[in-house]
Amino acid sequence: ELLRATLDKKPWKVKPIVLSGNTDCYQPCERKFELTRSLLEVMLEYRNPIGIITKNVLMKRDLDLLKELSALGLVAVNLSMTTLDESLRRVMEPRTASSARKMKLVEDLVQMGVPVNVMMAPIIPGLTDHEIFAMAKTAASHGARSFGGHMLRLMGPNEALFNDWLTKNFPDRANKVINQLKSIHGGRSGSSVFGDRMRGRGVISETIQRQMEIAKLRYFPTSKSTRLRTDLFRRPSNGQLELFN
């Protein structure tokens, strides 16, 4: 209802709306509430472009709507993956799908013309950064249009939660990971400085960014950003009221 009200306002300037800027739009509760599916239906009805960021394969439920949106050039997907190592994924993200299932979703989306960007996110120095080339190669082999990623940053209570998880599950490398992360963010575990917060600074950050650049050149030599259409926007007919507009 709020989305409809926004799109119905005359001052609305047509532009892509991105789902999951704060939290995953396909988290488990979406199975019950279907809020994301309802939003996709509204976006298709108004023909407003939409971007999606997720790390869950529940998106597969909505392939029918995504197919219609992609046929109009109105949707782009960012599929987030942390690791290809299943033993690591099971202890780090136990409620997310396996990398094999995520890559199958990439294939399904690509087959219906949806541009897919695979994001290695977050990259954890000392724990997952060695997978950059393998991740890029796998994404390319499954049809992804582009590849990217950003560094882990821990803000507020997330730092204590992560450090506790890391110490319990990887006591042999916990100090290494924590120290490398702090070296990236100027002595802290995270940064809110725009431009630095997702990349970091210093030697380790530069090494990781360089690996990302080489991986993109090697496996995505023709990669380019996706431009969604904004010229198809329309407001649904209101019956006889339309006669007076």
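Predicted model: local features only at pLDDT ≥ 70, side-chain atom pairs only at ≥ 80, totals over all residues.
Biologist: Where does Lys102 lie?

Modeller: Lys102 lies in helix H6, which covers residues 99–111.

Biologist: Is Lys102 buried or exposed?

Modeller: Lys102 has a relative accessible area of 3%, so it is buried. Buried means under 20% relative accessible area, exposed over 50%, and partly exposed in between, with a 1.4 Å probe and protein chains only.

Biologist: What does Lys102 touch?

Modeller: Leaving out residues up to four places away in sequence, Lys102 touches Lys55, Val57, Leu79, Ser80, Met81, Glu93, Thr96 and Ala97. Contact means heavy atoms within 4.5 Å. Lys102 and Leu79 are 23 residues apart in sequence, and their C-alpha atoms are 7.9 Å apart in space.

Biologist: Turning to pockets, what is the volume of the largest pocket?

Modeller: The largest pocket has a volume of about 1500 Å³. On a 1 Å grid over the protein atoms alone, a pocket is an open set of points with protein on both sides within 12 Å along at least five of seven lines, and lining residues have an atom within 4 Å of a point. Grid points are joined across faces, edges and corners, and a volume is the space filled by probe spheres set on the points.

Biologist: Which residues are the closest to its centre?

Modeller: Of the 37 residues that line the largest pocket, Lys55, Ser80, Glu93, Ala121 and Pro122 are the closest to its centre. Lys55, Ser80 and Glu93 are also among the residues that Lys102 touches.

Biologist: Which element gives the most to that lining?

Modeller: Helix H8 gives the most to the lining of the largest pocket, with four residues. Asp164 lies in helix H8, and at 39% relative accessibility Asp164 counts as partly exposed.

Biologist: How much space lies in the second largest pocket?

Modeller: About 300 Å³ lies in the second largest pocket. This pocket is lined by 18 residues, and those nearest its centre are Ala76, Asn78, Asn117, Ser225 and Thr226.

Biologist: A new topic, then: which residues are buried in H10?

Modeller: Ser205, Ile208, Gln209, Met212 and Ala215 are buried in H10. Seen down the axis of H10, the buried residues fall within an arc of 120°, so they line one face of the helix. The arc is that of the directions from the helix axis to the C-beta atoms.

Biologist: And which residues are exposed on the other side of H10?

Modeller: Val203, Glu206, Leu217 and Arg218 are exposed there.

Biologist: What covers the buried residues of H10?

Modeller: The cover includes strand E4 (116–123), helix H7 (132–141), strand E5 (146–151) and helix H9 (174–184). Gln180 is found in helix H9 and is buried, with a relative accessible area of 19%. Apart from neighbours within four places in sequence, Gln180 is in contact with Pro125, Gly126 and Ile204.

Key. Residues numbered from 1 in each chain as written. Heavy atoms only, no water. Helix = DSSP H or I, 4+ residues; strand = E, 2+ residues; numbered from the N terminus. 1 Å grid on protein atoms, 1.4 Å probe; cavity = no way out; pocket = protein on both sides within 12 Å on 5 of 7 lines; lining within 4 Å.
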